[in-house]
Amino acid sequence: METKLNRITESAKKDKNFAFTSLVHLLNENNLKQCHDQLPKDKAVGVREVTKGDYERQLDRNIENLVDRLKKMAYRPVPVKRTYIDKPGSKKKRPLGIPDHEDKIVQKGITRILNAIYENDFLDCSFGFRPQRNCHDALKVLNVYIEKRKTNYIVDADIKGFFDNVSHDWMMKFLQHRIQDPKLLQIIARFLKGGYMEEGKYFDAEKGTPQGGVISPILANVYLHYVLDLWFEKTVKKQCRGQAYMVRFADDFVCCFQYREDAERFYGALLHRLHKFDLEVAEEKTKIISFGPYAMRDAKRKGKKKPSTFDFLGFTHYCGKSKKGNFRVKRKTSNKKVRSKLKKQKAWLKAHRTMDIKDIMYKMYQSLVGYYNYYCITDNYHTVEQFLYKVEQLIYKWMNRRSQRKSFSWDKFQLFLQKYPLPLPTIKVSIYDLRSHIKYIL
């Protein structure tokens, strides 16, 4: 299977206009079994409530039946199960669509095919859900654009409900640039229009691609590749008087400009561009700010004590200075992300405070390690250290609610932390380590 995917990649790389006419045969038994094996265990189940373990009890038979239905075009995805998760910094909930396990297998198979085709098409400004790229890579490259290029203005844009408003018609038109296998396109269309179940009721999906689906990230990248990335690279940059750069992670993106008139022209054009493809900007979350070496001067001119800041990928970016007094971008965990994480920690401790104390502390230890791996980057040590202190306060509070007779004093709690120590933060990622990112920024 890997050899076949590599051949697709080579063909796509040689000819940017080549359209693949025969792909659906790659959804064979061998490929789909691999996809099943690669799916994680213990994930939320879909409408049919079939787990990975349930499915693999008769794996050969199930996969054989699935392939037969795919060949006859009798395969139809089950509506996804609609659920909701907290949205950081908001009282609103974010909808998720959980596919049935068998649908996850097919989505995984199609995702492998789409990645083989499109990975060479996607531009260097795109970092979300791509091989060997992550959030830290996007932050490093953005840092170079602001510190080392002639960036004086930032357009901090937010697409309103992107995943819920993707146009199915435009999505299929974009896919047809590279894929002209009618059977594969029809299967993808069925996923898009599969609908969802909520509280026992079925709802049609006239637009959008549900977050939570295995295939959604690659489809989102394809959509924004044509709507945003190519447009910015081929049209916007050529119309700018000065330098212009963009960094995008899924539907979250930041644009850097040398001149304010370029930034303002882009913002106006962006509204029309998104509207053409049935999207819109969340105007209350989108702004043009002065950001860079001259931002402090501009802020003082306007009577402000500090330059404006912007949030990107969970970090608040602000103007600072190096030890030598030169301009430098600094970043700290955004307040809404801190509040959201502490809220989750509080809820978990409240619900599990009667567990064995060793298990509670092990769980908190693991949670903090994961938090540090993402947020312990250059300049953010003190903010993470404050977060650790607040987590300790939460543990202290809820451990004291386990029993009224056996309550901790703060001094005894410190002794307790010596017995069950929590990990201390250390910088995990240097924002200036660019060894593997030179190709993005040359």
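1. Helices (H or I, at least four residues) and strands (E, at least two) are DSSP runs numbered from the N terminus, and two strands pair if DSSP finds at least two bridges between them.

2. Before reading on, please note that this is a predicted model, in which local features need pLDDT of at least 70 and side-chain atom pairs count only at pLDDT 80 or more, while totals for chains, interfaces and linings use all residues. Residues are numbered from 1 along each chain as its sequence is written, and side-chain values use heavy atoms, with hydrogens and water left out.

3. Another open sheet has 4 strands in the order 2-1-4-5, and its pairing is mixed. Strand 2 (93-98) and strand 5 (201-203) are the edge strands, each pairing on one side only, and neighbouring strands are turned by 45° against each other on average, direction ignored. Within this sheet, strand 1 (residues 80-86) and strand 4 (residues 196-198) pair in the parallel sense over 2 bridges, and Met197 in strand 4 is the bridge partner of Lys81.

4. Glu199, in the loop between strand 4 and strand 5, has a phi near 55°, a positive value in a residue other than glycine. Glu199 counts as exposed because its relative accessibility is 79%, where exposed means over 50% relative accessible area, buried under 20% and partly exposed in between (1.4 Å probe, protein chains only). Phe129, in the loop between helix 5 and helix 6 (135-147), also is not a glycine and has a positive phi of about 55°.

5. Helix 15 (residues 381-399) has 19 residues, which at 1.5 Å a residue should span 27 Å, and its end C-alpha atoms are 27 Å apart, which agrees; the expected span is 1.5 Å times one less than the number of residues. Its buried residues include Thr383, Phe387, Val391, Leu394 and Trp398. Among the elements that cover the buried residues of helix 15 are strand 11 (327-333), helix 13 (335-352), helix 14 (357-375) and helix 16 (410-419).

6. A search of the whole structure finds 1 cavity of 30 Å³ or more, a cavity being a set of points on a 1 Å grid over the protein atoms alone where a 1.4 Å probe fits but cannot get out. The largest cavity holds about 110 Å³ of space, and of the 16 residues that line it, having an atom within 4 Å of a point, the closest to its centre are Val80, Gln107, Phe191, Leu192 and Pro210. Helix 5 (101-118), helix 9 (182-192) and helix 10 (216-239) each supply at least two residues of this lining.

Definitions and conventions
Axes are lines fitted to C-alpha atoms, for helices over the stretch in contact, and angles run from 0 to 180 degrees between N-to-C directions. Contact means heavy atoms within 4.5 Å. On a 1 Å grid over the protein atoms alone, a cavity is a set of points where a 1.4 Å probe fits but cannot get out, and a pocket is an open set with protein on both sides within 12 Å along at least five of seven lines; lining residues have an atom within 4 Å of a point. Grid points are joined across faces, edges and corners, and a volume is the space filled by probe spheres set on the points.
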